[in-house]
Amino acid sequence: MKRSLAGWTFAAPALLVIAVFFFLPVVAALALSVTDFDIYALADIHNLRFVALDNYLGLLRNPLFWKTLGNTLYFVVVGVPLSIAVSLGAALLLHSKLGRFKGFFRTAFFAPVVTTVVAVAVIWRYLFHTRYGLVNWGLSWVGIDPIDWLGDPHWAMPTIIVFAVWKNFGYNMIIFLAGLQSIPEDLYEAARIDGAGPWRQFRHVTLPMLGPVLLLVGILTMSGYFQLFAEPYVMTQGGPLESTKSVLYLMYEEGFKWWNLGNASAVAFLLFVLMAAVTSAMMWFARRKGAE
Amino acid sequence: MGFEGEQVAQLLPEFERRNPGIHVDLQQMPVLSAHEKLLTAYAGDSLPDVTPLGNTWIPEFALLGALDPLDEEIAATPALDVADYYAGPWDSGVIDGRTYAVPWYVETRIPFYRVDLLHEAGIDKPPASWDEWRTAMAAVKRKVGPKRYAILLPLNEFEPLLNLAIHDPLLRDDGRYGNFRSAGFKRTLAFYKEIFDNDWAPKVANTAISNVWDEFGNGYYTFYVNGPWNIAEFRKRLPPSLADKWMTMPLPGPDGPGASVAGGTSFVVFRNSRHKAAAWKLIAYLSEPRVQVAFHTLTGNLPPRRSPWKDPSLANDRHARAFREQLERAVPTPKVPEWERIATELRLVGEQVANDRMTVDQAAAELDRRADAILEKRRWMLDHGGGHAAGATQ
C-alpha cells in the first residue's frame with residue numbers, strides 16, 4: 001500500500017465528517033441565499049424563485065441592516081479591547097505574588113462564564129432597573145439622577161457591553177493566567193537587575209512574551225463578539241428603538257421568526273465575509289509584528 | 001399547549017368513557033416553541049391529528065395545505081351551533097370561504113383600570129370613546145403628577161397599538177398592500193402619539209416595569225390594556241385592600257365603544273391525519289357548552305360561544321363582564337401569513353412615533369412601504385395564480 005493512500009485512508013473518516021457536517025451545509029446555505037426560500041416555498045417548491053444577488057443587494061439597501069451592523073461594530077470595537085483589558089488585569093492580579101485567596105478569586109471570576117446567560121440576565125435587569133436598581137441607587141448617593149439603562153437608546157448598548165464583558169472575561173483570564181505562568185522567572189530577574197520598574201517589566205517582558213496568547217485571545221474574542229445575540233435577546237429583545245439589535249439578531253429574526261431562509265442565509269454570509277476579513281487583518285498585523 | 005395543555009387532561013377521561021373505541025394521546029408543547037415545532041413537524045410529516053392553534057397561525061398553516069376543511073363536519077353536528085359563537089373569533093378560522101378551525105377559547109384586550117384613582121381624578125364613569133378617554137387620562141395625569149402615569153402601553157408589544165387600530169382595514173386589495181396611509185389609521189396613530197406626547201403613558205417597554213401587577217397596585221398607571229388571563233393574576237396578586245378598587249371596561253373606540261382583536265386558540269384537524277372522525281368527535285366534545293364551562297373553571301380561559309356565559313360562574317363574574325361585551329365587537333387580524341411580521345413592524349414604527357422620531361404621516365408612509373415589501377411575494381403568488389395563496393384581507 002502506498003504511503004499516500006494509507007494517509008488518505010486514515011484521514012478519510014474525519015474528512016467525510018467535515019464534508020457532511022461543514023461543507024455540505026455551507027454550500028446549501030450559499031445556494032439558499034440566492035433564492036427567496038420562505039414559507040410559500042415550504043408549502044410548494046414551485047413557489048421558489050431564483051433571485052441571484054437580490055437578497056444581498058436588498059440587504060445593502062436596507063437601513064436596518066446597516067443599523068445592526070453599526071450596533072455590532074460598536075459592540076466589537078468597545079467590547080473586545082475592554083474585555084481583553086479586564087481579563088489581562090484580572091490575570092495579572094491573580095498572578096501577583098502579593099495576592100491572597102487566589103483559589104477563591106479564580107473561581108469567583110470564572111463563575112459568570114459557566115452560569116447561564118438567561119438566569120444572569122434576570123439579575124442584571126434588576127441591577128439596572130431605572131427605579132429599583134442597585135446601580136441607580138448607588139449613583140443617587142453621589143448625586144447622579146437615575147439613568148434608564150436598558151430603556152434609553154444611548155445607554156442600552158453600553159449596558160449590554162458591560163454585561164457581556166462581565167460575563168465573559170473569566171474565560172480569557174484563565175488563558176492569560178496560563179500564559180503568564182509560562183513566562184520564565186529569570187527574565188523578570190534580569191530586568192530587575194537592569195533596573196526596570198514594574199511598568200517597564202510589564203511593557204517589555206510580559207507583553208512581548210504574551211504576544212501569541214494575545215493574538216489567540218484577540219481572535220477568539222473578536223469572533224465571539226461579532227456573533228452578539230444572547231445578551232440583547234434576553235436583556236432588551238433588540239430594543240429600545242433597535243439600538244441593541246445585532247447582525248446575528250437580524251439573521252435570527254429573518255430565518256427563524258419569519259422563515260425567510262434565503263434572506264437569513266444572505267445575512268449569515270455577509271457576516272461571515274466580514275469576520276473573515278477582520279480576522280485575516282489581525283493575523284496579517286500580528287505576523288508583521290512577529291507575534292507568531 | 002402550555003398551561004391549557006396540562007389542564008385539558010382532566011377533561012379527557014370523560015370523553016374516552018363516552019367513546020370507548022377512542023384513546024386520546026395528549027402531547028404537551030411549550031407555547032414559545034410551538035410554532036417552530038409545528039412547522040418542523042409539517043416538514044417532517046409528523047403532525048398530530050388535532051391541535052389547538054393560535055388564531056394568527058391559521059392562515060399560515062392553511063396556506064401550507066396542512067389543514068383539513070371542517071365545513072361538512074360542522075354541518076353534520078347540530079350541537080355545534082355556529083350562530084352561538086362570537087362572530088369575530090369564528091371568522092378567524094374561515095379562509096376563502098372555508099372553515100379550517102373551531103374556536104376553543106378566546107381572548108381580546110381591554111383596559112383594566114383603577115376605580116379609586118379615576119374617582120379621585122373626578123371621573124366616575126369609565127370612558128367609552130377616545131374623547132372621553134382623553135379627558136380621563138388628562139385628569140388622572142393632573143392628579144398623579146409627573147412621576148406616575150395614566151396608562152401603560154408597553155413599547156415592546158404590538159398589541160396595544162394594534163387593538164386601537166383594528167377598527168379600520170389595515171391591508172387593502174385582498175391583502176396585497178398595506179393600508180396604513182388611510183385616514184382611519186392616521187387618526188389612530190395620532191391618538192397614540194398624543195398619549196405619549198402628553199406624558200399620559202411612560203415611554204417604556206414592559207421589561208422596565210419588572211412587575212406589572214405590583215405597579216398597577218402602586219398606582220403607577222391607572223389604565224392597563226391587557227387580556228383576560230390577568231383577571232386571575234390581579235385577583236391573586238393585588239392586596240385585599242385593593243380587591244374592589246379595580247375593574248375592566250370595554251375598549252373605547254374613536255366615536256364610542258371600539259373594536260378589538262379577536263385572539264385566542266382554535267382547534268384544527270391536520271390533512272394527513274388518519275383519524276379524522278375521531279379527531280372531530282374530540283373537537284365537538286370540547287366545544288360543548290358544559291365542557292367549556294368546566295374548562296373555564298380549570299383555566300380561567302373565556303369560552304368562544306355565548307351559551308356557556310349563562311353559567312353562574314361566568315355570568316356573575318363582574319371582571320369578565322366587559323370581556324363578554326367586547327367579544328361581540330372583536331374582529332380577526334388580516335388573514336395573511338405575513339401578518340405577524342407586519343404587526344412587528346407596526347410596533348417598531350409605533351415606538352419611533354412614541355419617541356417623537358417620526359411624524360404620523362412619515363410613520364404611515366413608512367409602514368406602507370414596509371408592509372408592501374413584506375407582501376411582495378404574496379402579490380406574485382396571487383398574480384401567478386400560484387397554487388394556494390390563501391387568505392382574504394379582513
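**Exercise 1. The fold of chain B**

Among contacts in chain B between residues at least 6 apart in sequence, what percentage join residues at least 24 apart?

*Solution.* The structure is a predicted model, in which local features need pLDDT of at least 70 and side-chain atom pairs count only at pLDDT 80 or more, while totals for chains, interfaces and linings use all residues. Residues are numbered from 1 along each chain as its sequence is written, and chains are lettered from A and ligands numbered from 1 in the order in which they are written.

Step 1. Two residues are in contact if their C-beta atoms, placed from the backbone, lie within 7 Å.

Step 2. Of the contacts in chain B between residues at least 6 apart in sequence, 76% join residues at least 24 apart.

**Exercise 2. Dimensions and burial**

Compare the radius of gyration of chain B with that of a compact globule, and state how much of the chain is buried.

*Solution.* Step 1. The radius of gyration is taken over C-alpha atoms, and the globule rule is 2.2 Å times the number of residues to the power 0.38.

Step 2. For 394 residues the rule gives a value near 21 Å; chain B has 22 Å, which agrees.

Step 3. Along the principal axes, the C-alpha atoms of chain B fill a box of roughly 65 × 55 × 35 Å.

Step 4. A residue is buried if 20 or more other C-beta atoms lie within 10 Å of its own, exposed if 12 or fewer, and partly exposed in between, with C-beta atoms placed from the backbone. In chain B, 45% of the 394 residues count as buried.

**Exercise 3. A four-stranded sheet**

Describe the sheet of chain B that contains strand E9.

*Solution.* Step 1. Helices (H or I, at least four residues) and strands (E, at least two) are DSSP runs, numbered from the N terminus. Chain B has 19 helices and 15 strands.

Step 2. Two strands pair if DSSP finds at least two bridges between them. In chain B, four strands form an open sheet with mixed pairing, in the order E6-E9-E5-E10. Strands E6 (151-152) and E10 (246-248) of chain B each have a single partner strand, so one side of each is left without a neighbour in the sheet.

Step 3. E6(B) pairs with E9(B) (residues 223-226) in the parallel sense over two bridges. B:Ile151 has B:Phe223 as its bridge partner, and B:Leu152 stands opposite B:Tyr224.

Step 4. E5(B) (residues 110-114) runs antiparallel to E9(B), joined by four bridges; here B:Ile110 stands opposite B:Asn226.

Step 5. In a regular strand the side chains alternate between the two faces of the sheet. From E9(B), B:Phe223 and B:Val225 point one way and B:Tyr224 and B:Asn226 the other, and all are buried.
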